[in-house]
Every structure is written in structure tokens, then in C-alpha cells.
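Have a look at it first, then we'll go through a few spots together.

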Amino acid sequence: FLGAGGGNDIQWCFSQVKGAVDDDVAEADIISTVEFNHSGELLATGDKGGRVVIFQQEQENKTQSHSRGEYNVYSTFQSHEPEFDYLKSLEIEEKINKIRWLPQKNAAQFLLSTNDKTIKLWKISERDKRPEGYNLKEEDGRYRDPTTVTTLRVPVFRPMDLMVEASPRRIFANAHTYHINSISINSDYETYLSADDLRINLWHLEITDRSFNIVDIKPANMEELTEVITAAEFHPNSCNTFVYSSSKGTIRLCDMRASALCDRHSKLFEEPEDPSNRSFFSEIISSISDVKFSHSGRYMMTRDYLSVKIWDLNMENRPVETYQVHEYLRSKLCSLYENDCIFDKFECCWNGSDRQIIFHRTVTFFLPSLCSIVMTGSYNNFFRMFDRNTKRDITLEASRENNKPRTVLKPRKVCASGKRKKDEISVDSLDFNKKILHTAWHPKENIIAVATTNNLYIFQDKMN
Amino acid sequence: MLGKGGKRKFDEHEDGLEGKVVSPTDGPSKVSYTLQRQTIFNISLMKLYNHRPLTEPSLQKTVLINNMLRRIQEELKQEGSLRPMFVTASQPADPLSDNFREAQPAFSHLASQPLLPTDFVSTTPLESCLTPASLLEDDTFCTSPTVQHDGPTKPPPPALQPVKDSFSSALDEIEELCPAPTSAEAVAAETAVDDSKDHASESNVQKPEGLPESRTAESKLMDSLPGNFEITTSTGFLTDLTLDDILFADIDTSMYDFDPCTSATGAASKMAPVSADELLKTLAPYSSQPVTPNQPFKMDLTELDHIMEVLVGS
């Protein structure tokens with residue numbers, strides 16, 4: 001039998017790094033979101049300067065079977081510009097909060113990108129031919145005098161250097177008073193949701209002048225506000241179901257068929273607090289920074305400050321699995337509160353849907369994808385993976401020091417207390433300015449994209 | 001803060017703060033718990049009122065910090081402390097306004113959520129700042145945040161509400177202890193109203209007398225904090241006031257001892273000097289100038305400016 005590899009069966013190797021080398025980070029270059037498209041051929045990043053950079057995977061070279069194709073810049077465009085809210089005398093940041101790809105329907109690619117206030121649908125299309133041989137126009141575009149035309153010819157397309165154009169096809173604006181934190185495309189591929197701190201809106205991709213409010217948790221009296229929405233996502237298969245997470249560590253599952261305004265949840269997922277771990281910061285560290293459905297939709301994963309939790313949608317009262325990302329930070333929460341690191345929003349992701357392929361006699365079985373590995377970031381440019389099957393975990397580092405291709409990354413270890421072993425790093429030596437908030441896993445292959453502050457690392461597994 | 005890979009040493013002060021929370025009922029560790037709580041309270045206040053004015057601060061962050069302050073406030077209240085004190089000159093309301101854009105928006109945005117001296121709750125454990133027992137019974141635990149005024153009111157009543165409550169209830173305390181001229185109320189109300197560019201009618205001033213009894217100490221504090229939600233910048237700060245204007249105008253101050261910890265509450269006679277010292281020690285880090293105990297609690301605008309520069313500069 002052939003099976004999908006586990007987190008520790010995969011040997012991760014450095015493949016590429018994109019971005020500036022120098023330590024002085026330009027604010028605009030800070031990466032704010034990373035997302036593979038549905039085929040994995042394209043990898044998009046958004047940054048604080050409002051730009052989107054799309055990388056394309058090279059077609060695999062048949063002779064170079066030891067590595068998968070490299071990612072090279074495919075398109076760069078300015079998605080959002082800074083704006084000024086004159087009513088409040090405040091700037092609206094152009095930072096790209098999220099990018100979500102639409103599934104490909106024709107030759108062009110479409111993605112949604114959003115800043116705090118406005119969502120845009122971008123069309124990325126290729127042009128590699130141009131028409132030549134017009135009758136009424138010269139090659140340089142000047143019009144010919146019709147009276148000089150004596151013969152007619154049919155214009156033909158001739159190849160040209162590939163040009164990738166990005167154009168905004170829809171602009172979904174003025175629907176959010178608060179800051180947009182999530183967008184999620186529905187499985188019907190016609191609608192999508194956008195969530196801000198207090199409200200969630202439903203849009204149709206074709207219609208920009210109105211959206212429907214489906215969740216509103218704004219209290220009548222803002223003084224009573226104690227909880228905000230932190231993330232939201234549509235169910236991958238069920239087009240009427242979505243979830244949203246809150247700053248109090250709860251996840252609500254809503255069914256849009258139940259009512260127009262989904263203020264009453266169908267399910268409420270919440271784990272009771274562990275009294276032995278209570279502290280001043282219990283609420284803050286319980287705030288969920290990301291929620292992701294598994295590919296089947298049976299499970300969902302949430303990320304709070306210290307842990308990753310896997311929930312079974314059929315069980316509301318506690319997660320089925322909990323993985324500690326950096327438990328050694330629990331005793332440092334006061335300092336992390338002081339320097340604001342406790343508010344960092346780490347994302348998490350599942351492994352790709354590499355299918356299990358089973359050969360049995362003359363029949364090949366393609367089993368549904370198994371979400372068996374979860375990945376999330378930490379500080380000091382560390383990122384972590386947890387294998388749900390083997391229960392093993394690994395810590396790796398995204399750093400230019402390990403940039404020899406096909407060299408397996410060395411696992412890292414943080415020493416929480418006591419004697420520090422060789423090669424271990426003590427908690428006090430961690431660099432809290434080097435945080436990995438955004439990671440993405442190729443939907444089909446064992447390729448991962450890991451964003452440090454201003455660099456994008458691509459790792460692959462070591463193929464035999 | 002935490003440098004690039006540099007070994008960071010925690011000083012003793014912080015060592016006492018880290019780790020699991022000590023139960024407040026433990027004897028010897030109660031001090032460290034109180035210290036921890038106090039420090040977190042201070043940090044939280046600094047965070048709320050000391051942010052980049054260019055873009056809207058994160059609502060999530062504001063809510064979480066607010067919840068933290070509320071929780072601590074609740075705890076302090078349950079431990080027997082009552083109304084917040086008029087203290088902390090080093091948390092200047094005035095110079096803070098320099099840092100924030102005066103985005104005077106429509107009134108409905110709760111423009112005047114003023115940062116009152118009451119809002120910077122005493123940084124000493126409040127059990128050491130005694131409040132006259134006669135006031136204890138006045139405390140009820142129902143919050144009615146949006147008590148609407150009957151009668152002629154100028155907009156926005158919701159915006160003015162917290163101001164009047166905070167001020168008027170504190171002033172009411174003074175009144176109960178010693179008859180204060182009603183002009184004090186008028187002064188407070190007027191100055192509060194100035195900021196929202198509305199001129200409250202006299203009837204507004206009269207109304208709050210009935211209200212303080214229905215407000216808890218916590219809600220008075222909390223009234224001003226969530227003002228951040230609607231307007232992201234501190235448009236609620238009373239920009240052209242000093243503590244002097246608020247507290248001491250037209251108030252017969254001869255009866256009061258001007259320990260910083262007491263000021264207008266009139267509980268001076270019951271204050272132990274040590275509480276003032278404790279308070280000042282806590283204030284010291286935030287103040288760039290030496291503060292001597294028993295000095296009248298007056299700082300002029302330039303000094304506040306200077307402190308603010310220090311705070312923002314750090």
C-alpha cells in the first residue's frame with residue numbers, strides 16, 4: 001500500500017526564499033497574507049503596502065525529477081491604496097488582510113483581496129499573442145488612409161512575450177464599519193462572506209452595490225461590547241453553513257437557512273476553562289485568531305495564542321485534539337502583554353489534500369483526502385507541525401542560514417527552563433520580533449510557503 | 001523590549017509578576033498578586049490611551065484591554081474598594097489630547113467620553129484609600145448605562161451621560177460631606193459639555209443628582225473607556241482642562257486635605273499618609289519630575305506636556 005506521509009515522515013528541505021535580504025525591513029514589505037490557489041500552481045502574497053505578488057510554479061522538468069518546480073514571480077500589482085476617512089480623520093490602511101482564490105473556470109484566474117474596508121475581485125489574465133496585419137492600421141497603430149488600401153488580408157495572431165495583466169473586475173465597498181478580518185468563498189462559487197469585528201456580510205460575486213448582513217453582534221449600547229468576531233469561514237461542502245470565531249474563544253456555527261439574520265447559532269463550540277491555568281490573561285489568550293475547516297468539513301481547526309485545537313463538528317463542548325504550540329510562553333504572558341505580542345494573530349493550516357492512493361491488484365483506489373497534519377507559526381521564525389496520527393510534532397526554522405536546497409531542515413527545540421542543551425534555544429533568547437503569522441500548504445503536494453516578516457520561504461519534502 | 005536574539009533578563013520586579021496567578025486569598029503572596037494586578041492595570045491604561053493616532057486602533061485589542069480593566073475593577077470592588085479616586089496626575093488627560101486627532105465627528109459618536117481623573121483609578125490598592133462608610137450604602141449594583149433624561153435635553157444624551165455621572169456622583173460625594181455650591185456642578189457640567197460642542201441646558205445639570213445612586217463605581221469608570229469603541233481616537237478627552245479646573249473651581253477646598261490620594265473625595269482625614277506614598281511610588285515611573293508627598297496636587301499644563309512627551313517618547 002501507498003499512503004500519505006505523516007508530518008515526521010516528511011523531510012522538509014529548503015527550496016526558495018523571496019524578498020529583501022537586508023535586516024532593515026521596509027514597512028510596506030511586511031507580508032500580511034499567503035495563499036495557494038486551488039491547483040497549487042499559483043501562490044499569492046499580500047503585503048502591508050497594499051501590493052499582491054503572485055508566484056507561478058514552473059512546469060516540472062521531466063529530467064529534474066528530484067525537485068518540484070520552482071516558484072517565480074508571475075504578476076505584481078497594487079491592489080489597494082491608502083485612503084483617508086474624512087469623517088473620522090483617520091487613515092484606512094492599504095494592508096492586504098486576506099487573499100482568497102476562486103476556482104478556475106476559464107483561462108483567467110480570479111482572486112479576492114481585501115484590506116480593512118474594501119474587497120476587490122481581481123482578474124489575472126495572460127496575453128501571449130497579439131494581432132497583426134490589420135488593413136486599416138499600421139503596425140505602429142497609425143491609421144492608414146483607406147484610399148491607399150488595394151488588397152485585403154486577414155489579421156493573424158502572432159506570439160509575443162508573455163504579459164500578465166491584473167485588472168479589478170469588482171469593487172465591494174462601503175459595507176463595513178469595522179475592520180474586515182476574513183473573507184471566505186462559498187462552495188457555490190457564487191457568493192462569499194466578509195467578516196469584520198462585529199458583522200458578517202454575504203455578497204454575490206456579481207453584485208457590488210449591495211450585500212446582506214447575516215451576523216450582527218454589535219450591542220445597542222457600545223459600552224456593553226465585550227466580544228468581537230475574529231474569523232469566519234464557509235463550510236467547504238455545505239453552502240448554507242459557516243462558522244465564526246470570537247475573542248472569547250468561542251466558535252459559532254450558523255445555518256443561513258434558519259433565518260435571514262443568523263444571530264442565533266446552530267452550534268456553539270466552547271471549551272470550559274481549565275481552572276489550574278487561570279490568569280489575568282486567560283481571556284486574551286483564548287481569543288481565536290484563525291479558524292479553518294478540514295477538507296471534508298467534518299472537522300475544524302482553531303488557533304488561539306498558545307495552542308491549536310481540532311474540533312469535531314458533532315461535539316460542541318470540547319475539542320477532540322489540542323496541540324500546544326509554545327507552552328513555554330505561558331509564564332511570560334505579562335511581558336508579552338506589555339509588548340503587545342499577546343495580540344499577535346497566528347494563522348494555521350491543514351496539509352494539502354494529497355489523496356491516499358491505494359493499489360490493490362488491478363484496482364486503484366483514490367481515497368478522500370486526509371487532513372492529518374496541521375501547521376502554524378511561532379516566534380523566532382519558528383514554525384510547528386503536528387501529526388494527528390502519530391502525535392508527533394516538529395519545530396522548524398525559516399532562516400537564510402539553512403538555505404541549501406535539498407538539505408533537510410534540522411528540527412529546533414526551545415528550552416523552557418533549566419539547563420539548556422546544546423542546539424537548544426532558551427525562551428529568553430527568542431526573538432519576538434521575528435514572528436511567523438502566515439503559512440500555507442500546497443493543496444496537492446508537500447510544498448509549504450512560510451512567511452517571515454518580509455520574506456517568503458518555500459520548503460518541499462525531500463523526494464526520493 | 002525584547003531584542004533580536006539578545007538575552008533578556010527579567011528584573012526582580014517582573015519576576016514577581018510572571019507565573020501563575022496567586023490566589024488573592026493567600027497571605028504572603030497576596031502582595032505579589034496585588035502588585036501584579038496593579039501593574040497589569042497600569043499597563044492596560046497606558047495601552048488604551050497611548051496609541052498611534054494615524055489609523056484606527058484594533059477594536060479587538062481595545063475590547064480585550066477593556067475587559068481586563070473591567071475584571072480588575074470588579075475584583076477591586078469586591079475587595080471592599082469603592083469609588084475610584086481623583087488621582088494620578090501623571091496620567092494627564094490634557095496632554096494626551098495633543099496626541100490624538102480631534103476628529104470631532106457627529107455627536108452620535110459619543111464625542112465626549114472624557115478622560116476624567118476618576119477614570120485613572122488609583123493605582124494603590126483601593127482598600128488603603130478609605131471611603132466614608134456613609135457612602136457605602138449608596139452603592140447599588142445595578143447599571144443603567146443609558147438612562148435617558150426626561151425633559152429638554154440637548155443631544156447627545158448618551159454622550160453626556162457618563163460625564164455627568166462620573167463628575168456629578170463624585171461631586172455628590174463632596175456635597176454630602178460638605179455643602180458645596182451648586183455652581184460646582186454647573187462648572188463640571190459645562191466643562192464636560194464644552195467638549196461635545198453642545199451646551200447642556202440647566203435641566204441636564206439637575207438630572208444627574210438622581211443618577212449616581214444607580215451607578216456603580218465600575219460603571220463610572222467603564223463609561224469612559226468604551227468611548228474608544230465608537231470613536232477610535234480620544235476625542236473624548238477634555239482638551240482644555242486641567243485637573244484644577246475640574247476639581248477645584250468654586251469648591252470650598254478649605255475643608256479638604258490635599259493629599260493626592262484624596263483630593264475631592266473629602267476622605268482626607270481618614271487617609272493614612274502611607275497610602276499617598278505608595279501611590280506616589282507607583283506614579284513615579286510615569287512622572288518625570290519628583291513628586292513630594294503632601295504637596296498640593298496641582299500641576300500646570302507645561303508639566304503635563306512634559307510628562308506626556310516622556311510617555312509617548314518611550
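Let's start with one residue: His235(A) has a relative accessible area of 10%, so it counts as buried, the cut-off being under 20%. Keep in mind that this is a predicted model.

**Around His235(A)**
- You'll find His235(A) in the loop that links strand E16 (229–234) to strand E17 (241–246) of chain A.
- A polar atom of the His235(A) side chain sits 3.0 Å from the backbone oxygen of Gly297(A).
- Leaving out residues up to four places away in sequence, His235(A) touches several others, including Phe242(A), Phe293(A) and Leu313(A).
- Ser187(A), Thr241(A), Ser296(A) and Gly297(A) are also among the residues it touches.

**Chain A as a whole**
- Chain A has two helices and 34 strands.
- Of its 464 residues, 54% are buried.
- Take the contacts in chain A with a separation of 6 or more: 56% of them join residues 24 or more positions apart.
- The accessible surface of chain A is about 21800 Å², and carbon and sulfur atoms make up 48% of that.

**A helix in chain B**
- H3(B) is mostly covered, with 15 of its 20 residues buried.
- After H3(B) comes Gly80(B), which has a positive phi near 105 degrees.

Definitions and conventions: Residues are numbered from 1 along each chain as its sequence is written. Chains are lettered from A and ligands numbered from 1 in the order in which they are written. This is a predicted model: local features need pLDDT of at least 70, side-chain atom pairs count only at pLDDT 80 or more; totals for chains, interfaces and linings use all residues. Side-chain values use heavy atoms; hydrogens and water are left out. Helices (H or I, at least four residues) and strands (E, at least two) are DSSP runs, numbered from the N terminus. Buried means under 20% relative accessible area, exposed over 50%, partly exposed in between (1.4 Å probe, protein chains only). Contact means heavy atoms within 4.5 Å. Accessible areas come from the Shrake-Rupley method with a 1.4 Å probe; for residues, only the protein chains shown count as cover. A polar contact is a pair of N or O atoms within 3.5 Å; within protein, one must be able to donate a hydrogen and the other to accept it, and residues adjacent in sequence count only if both atoms are side-chain atoms.
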